[in-house]
Amino acid sequence: MDKIQKMLEDYLEKKRRSFPRFYFLSNDELIEILSQTRNPHAVQPHLRKCFDNILRIQFTPGEESKEIIAMISAEPEAEPEVVQFSNTVMAAGIVETWLGNIEAMMRISLYDNTKAGYFGYPLDVPGRRPWFMEYPAQCILVIDMMKWTELAEQAISNVPNDKDAIGKAFEEMVLLINDMVQMVRADLSLGLRETIKSLMVLDVHNRDILEQLQNDGVDSLNDFQWSKQLRYYWDLDPVEDCFAKQTNTRFRY
């Protein structure tokens, strides 16, 4: 029995090394998945442990379907967030392999949504309302941070010619926040309400940063008061993606 137990532990460890998210599962849970490789739907009860806030994945209709088209969040069942995959993933072959393909497609799909949302960002404040409803919450939040970074850097760059440039950017942030205040007073879906509330927290913080920059007399992008802030950019080098920067550090989002 000791020998069998050791062989089982080695086998499960090999599977966990192949797909590290299996480390979040107990031996019994992992065995349950591995013992039903012919039934990809058997992974559904365990996805929430493997992926933060993912309740399940969406298959095309049919009990025996192996084509996965979306991921569904773990919010209340009445209003979960559904993010469609950019391409379908087939649940065929070794389970850790196609689960790894799902993980990759999660990133690809959020990347595609973020890129589309960034370049489709409305130029006017009222235009943001329908825009909020088109993209996943995570994408909306990071796009908002990129747009705030653009607004702040444009204002700082204009300070030598316009002493009130940062003040005007501050007023623009106030307009955006006031519009969101009006939105949350209206009848919104639970998911959109939570997105707007999170966005308001970010934008109030960003508004306060602009006020501090103006009070400190910042007039250069190299000023430490600006470079110390957590900033987000859509960069093309070394790859086209969102990058988070702070002082001399740079991370691909």
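User: Is Trp 234 buried or exposed?
Analyst: This is a predicted model, so take the numbers as computed from it. The cut-off for buried is under 20% relative accessible area. Trp 234 has a relative accessible area of 11%, so Trp 234 is buried.

User: How are the rings of Tyr 118 and Trp 234 arranged, stacked or edge-to-face?
Analyst: A pair of aromatic rings is described by the distance of the centres and the angle of the planes. Here the centres of Tyr 118 and Trp 234 are 5.7 Å apart and the planes sit at 20°. Planes under 30 degrees apart count as stacked, so the Tyr 118 and Trp 234 pair is stacked.

User: How many residues apart in sequence are the parts tied together by Tyr 118 and Trp 234?
Analyst: Tyr 118 belongs to helix α4, and Trp 234 to strand β4 (residues 231–235). Tyr 118 is buried too, at 10% relative accessibility. The pair therefore ties together parts of the chain whose separation in sequence is 116 residues.

User: Which residues form one aromatic cluster with Trp 234?
Analyst: The search of the whole structure turns up eleven aromatic pairs. As for the cluster that holds Trp 234, the other members are Tyr 111, Tyr 118 and Phe 119.

User: What about Phe 19 and Phe 51: what is the angle between the planes?
Analyst: Phe 19 and Phe 51 make another aromatic pair, with 6.3 Å from centre to centre, and this one is tilted. Phe 19 sits in the loop between α1 and α2, while Phe 51 sits in the loop between α3 (47–50) and β1 (54–59), 32 residues apart. Both are buried, Phe 19 at a relative accessible area of 3% and Phe 51 at 4%. The planes of Phe 19 and Phe 51 are at 55°.

User: Which residue has a backbone oxygen 2.7 Å from a polar atom of the Thr 114 side chain?
Analyst: Thr 114 is in helix α4 (residues 95–119), and at 8% relative accessibility Thr 114 counts as buried. Not counting residues up to four places away in sequence, Thr 114 touches Cys 139, Val 142, Ile 143, Met 146 and Trp 234. The backbone oxygen in question, 2.7 Å from the Thr 114 side chain, comes from Leu 110.

User: How far apart in space are Asn 113 and Gln 138?
Analyst: Asn 113 is in helix α4 as well, and Asn 113 is buried, with a relative accessible area of 18%. Leaving aside neighbours within four places in sequence, Asn 113 is in contact with Val 83, Tyr 135, Pro 136 and Cys 139. Asn 113 and Gln 138 are 25 residues apart in sequence, and their C-alpha to C-alpha distance is 9.6 Å.

User: Which side chain does a polar contact of 2.9 Å join to Asp 179?
Analyst: Asp 179 is in helix α7 (residues 165–184), and Asp 179 is buried at a relative accessible area of 14%. Setting aside residues up to four places away in sequence, Asp 179 touches Val 125 and Arg 129. The 2.9 Å polar contact joins the side chain of Asp 179 to that of Arg 129.

User: How do α1 and α2 lie to each other, roughly parallel or roughly perpendicular?
Analyst: Helix α1 (residues 2–18) and helix α2 (residues 27–34) have their axes 11 Å apart and pack at an angle of about 75°. Angles of 65 to 115 degrees count as roughly perpendicular. That makes α1 and α2 roughly perpendicular.

User: How many residues of the contact of α1 with α2 are nonpolar?
Analyst: On the α1 side the contact includes Leu 8, Tyr 11 and Leu 12, and on the α2 side Leu 30, Ile 31 and Leu 34. One residue of the contact is polar and three are charged, and the nonpolar ones number six.

Technical notes: Residues are numbered from 1 along each chain as its sequence is written. This is a predicted model: local features need pLDDT of at least 70, side-chain atom pairs count only at pLDDT 80 or more; totals for chains, interfaces and linings use all residues. Side-chain values use heavy atoms; hydrogens and water are left out. Axes are lines fitted to C-alpha atoms, for helices over the stretch in contact, and angles run from 0 to 180 degrees between N-to-C directions. Helices (H or I, at least four residues) and strands (E, at least two) are DSSP runs, numbered from the N terminus. Angles under 35 degrees count as roughly parallel, over 145 as roughly antiparallel, 65 to 115 as roughly perpendicular and the rest as oblique. Contact means heavy atoms within 4.5 Å. Ala, Val, Leu, Ile, Met, Phe, Trp, Tyr, Cys and Pro count as nonpolar, Asp, Glu, Lys and Arg as charged, and the others, Gly among them, as polar. Buried means under 20% relative accessible area, exposed over 50%, partly exposed in between (1.4 Å probe, protein chains only). A polar contact is a pair of N or O atoms within 3.5 Å; within protein, one must be able to donate a hydrogen and the other to accept it, and residues adjacent in sequence count only if both atoms are side-chain atoms. Rings of Phe, Tyr and Trp (its six-membered ring) pair if their centres lie within 6.5 Å; planes under 30 degrees apart count as stacked, over 60 as edge-to-face and the rest as tilted.
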